[in-house]
Amino acid sequence: MESVLAAWQVATLGGIVSWIMISSCLNVTQKLRSLLQPWVTHYVIIGTPFILQIQKYQHKFLDSLFSGLSCVVSVPFYTGFLPVVFWSGHVKLARHMTLLMAFCDYLGNTIKDTVSAPRPSCPPVRRVTATKDEKENALEYGLPSSHTLNTVCLAGYLLHYVLSYSQNNYAVTQFAGVALLCLLVGLIAVGRIYLGMHSLVDIIAGLALGLAVLAFWLTVHEYVDNFIISGHNVLSFWSALSFLLLFAYPTPELPTPSFEFHTAFNGVTLGIVAGVHLTYYQFHHEAAPLIFSPQLSIPAFVGRILVGMPTILLVKFCSKALAKWIVPVISNTLGIPIKSTSYIPMLNAPVKGKESDKIKQSSYAQKLFFFSGQDIFDVDTGIRFLQYAGLAWSVVDLAPSVFAHLRL
């Protein structure tokens, strides 16, 4: 492995750093928001009668149907679904869907917090939040619809994979697949309006962005895959990229959970990339045993799930506990003033006297972060990032090692 980054890697990282600095100095987020927010808000307001028209058909069955569909295409669902895909032997599909999910999550949430456009006003709109996940989603801004964006991209890529894997060139089969995809996207879009979570402008934006992202991903996914498998400086480059993406995120008008979701999937991506790169020829190569084959029977696959799920949950718990100890120690050693919103209650206590004077002093480490515009750093971000990086690594490295040991 080369010891220095390639020119394109340096250019990529340098471009992100430059963007962070320029956008911070020129207040790019605020300028974009002042331009886009009034326009989007106008269409949210004038779209309210359309939502009320759809909600006239209110029924318990429709409440359950659309709430269930929202859960099936939600981030928590994919978080539980993707490890199962990895362990089924379709490792290429799993890693691409994970990377695509992280890309959609970052792009969608970046636009949400940049525009900071409201969701439909409730009342008069009736908002149905049947699950904890939906209640958290309701705290985010509206445009674009993440559910629509994610469904277009992930279901679209799944269809592409199935047709390519089966090498099915029949027009009837391809038409049926596209028709099912359109039906699913249509149900999700109507459901988001029916549940009072989005306006029509949010759905249109999510659909347009989803189609653009899917087209882009289908163009570059093989290049990304080849880099992860056999590229140079994969771990160093992706670690630096993940770190910078924590800063290359807009500050919303009001706090939302969107940045937390981005942090989690950013960590997941790093864990997946690192694990696949290090163990590709052991567990993730093209000849890996597939489900329903003699090498991976249904009982063995069920055994993988029964062993793998507790394993990754244990790693998630341990990595969180370890991160809660390591991150504050490193921050204090570097002289970075820190706080914790939820993970470490003692860091929420007000700082007085000499400790307050120390925080006011500028250290070299703080100067390195001048582009962030923050005086005190929330260690919850680092803890969450390491926690989910450890979780993802266990899915593609630790758990398969356990499976191999148990002959599953």
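Apart from neighbours within four places in sequence, serine 394 is in contact (heavy atoms within 4.5 Å) with Ile312, Val315, Ala399 and Pro400. The model is predicted: local features require pLDDT of at least 70 and side-chain atom pairs pLDDT 80 or more, whereas totals for chains, interfaces and linings use all residues. Residues are numbered from 1 along each chain as its sequence is written, and side-chain values use heavy atoms, with hydrogens and water left out. Serine 394 lies in helix H16 (residues 379–406), helices being DSSP runs of H or I with at least four residues, numbered from the N terminus.

Beyond residues up to four places away in sequence, Leu100 touches Cys153, Leu154, Tyr157, Val213 and Trp217.

Helix H1 (residues 7–25) packs against helix H11 (residues 234–247) at an angle of about 10 degrees, with the axes 10 Å apart; axes are lines fitted to C-alpha atoms over the stretch in contact, and angles run from 0 to 180 degrees between N-to-C directions. H1 is therefore roughly parallel to H11 (angle under 35 degrees). In this pairing, Trp8, Gln9, Thr12, Leu13, Ile16, Val17 and Ile20 of H1 meet Phe237, Ala240, Leu241, Leu244 and Phe247 of H11.

Notes. Helices (H or I, at least four residues) and strands (E, at least two) are DSSP runs, numbered from the N terminus. Angles under 35 degrees count as roughly parallel, over 145 as roughly antiparallel, 65 to 115 as roughly perpendicular and the rest as oblique.
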